[in-house]
Amino acid sequence: MIAVKDLTMQYPNGKGIFDISFEVGEGQVVGFLGPNGAGKTSTIRCILGFMRGQSGEAFLNGKECFANADENMKEVGYIAGEPAFPDGVTGIEYLKLLIDIRAMSGKDKSAMLQRMQELIEYFELDASGRVKRMSKGMKQKTAIVAAFMHDPKIIILDEPSSGLDPLMQNKFIELVLAEKKKGKTILISSHIFEEVERTCSEVIIIKEGRIVAKDTVKNLKKSQRKVYIVESDGQEEEIAVSYDEIDKFIKNLAKRKITNLSTKELSLESVFMEYYSRDKKEESK
């Protein structure tokens, strides 16, 4: 449903994205991780057809993204990293305006109105006030309702739960999981690792405009160092062991009187940080 092939787009300052390739299949939820400035938003803008790369291609549901941007957006739900809203409208006016526009392309207006109301109630959104005067959290809720209310086949989310409190972040995760069950294709760029870990089966890590890792969450965890909790002589310590050090680690344990040994579950955040730390060490060699 989403296909990016050898996509390159370089800015005048030399930054950008370089030879980016990945796919998100129907019914998949894929996380897109990287620090600020790594190229996540640039990649997303190319996928949405907002910009065209200097080389390579991007497709949504088999249609080239830049040439078919208007048509593709009929089936896409999108949350921008910094959502923009028109001046002088209330939340409900903004949402109904989008519904009117989408109804012109054949979408069922009554179904969209019903779904809009369900999402407003679900996120406890007060959509009566002017959007420009809303808090960050209320603006984000408005953007979420706008992205999901027309039942899109493809959903692209750039920092979707930014500004939401923990309760609403959890409700957002539940919404994504519900959409996943419906077979929706979802790409999530987020700095909230719990959000990605709970919703995504696969993760793409990008650094300085290039993909440096692409695998399942499970395999990424396996590729990093394991942390063991060792109890000896009444004391407990944590020891991080890479895969090429396991034999040495076991031999050292054999010399000590161990009363308990267990492993510490790595979070996706710790995997991400460990991956970047390892990457920097390799660059310095």
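Okay, a definition to start: a residue is buried when its relative accessible area is under 20%, exposed when it is over 50%, and partly exposed in between, with a 1.4 Å probe and protein chains only. By that cut-off, buried residues make up 45% of the 285 residues in this chain.

Quick caveats. This is a predicted model, so to speak: local features need pLDDT of at least 70 and side-chain atom pairs pLDDT 80 or more, while totals for chains, interfaces and linings use all residues. Numbering runs from 1 along each chain as its sequence is written, and side-chain values use heavy atoms, with hydrogens and water left out.

Now the overall picture. The C-alpha trace spans about 75 × 45 × 35 Å along its principal axes. The chain exposes about 14900 Å², with carbon and sulfur atoms supplying 48% of that; those areas are Shrake-Rupley with a 1.4 Å probe, and for residues only the protein chains shown count as cover. You'll find ten helices and 13 strands, meaning DSSP runs numbered from the N terminus: H or I with at least four residues for helices, E with at least two for strands.

On to the sheet. Six strands make an open, mixed sheet, in the order S6-S7-S8-S3-S9-S10; two strands pair if DSSP finds at least two bridges between them. S6 (76-79) and S10 (210-216) are the edges, each with a single partner strand, so one side of each has no neighbour in the sheet. On average, neighbouring strands are turned by 15 degrees against each other, direction ignored. Inside the sheet, S3 (residues 29-33) and S9 (residues 202-207) run parallel and are joined by four bridges, with Phe-32 opposite Ile-204 in S9.

What lies on it? H1 (residues 40-47) lies across S3, S6, S7, S8 and S9, at about 150 degrees to S7. H5 packs on the sheet too, touching S6 and S7, and its direction makes about 170 degrees with that of S6. Angles here run from 0 to 180 degrees between N-to-C directions, and axes are lines fitted to C-alpha atoms, for helices over the stretch in contact.

The axes of H5 (residues 136-148) and H6 (residues 166-181) come within 13 Å and cross at roughly 5 degrees, so the two helices are roughly parallel.

Definitions and conventions: Parallel < 35°, antiparallel > 145°, perpendicular 65-115°, else oblique. Contact = heavy atoms within 4.5 Å.
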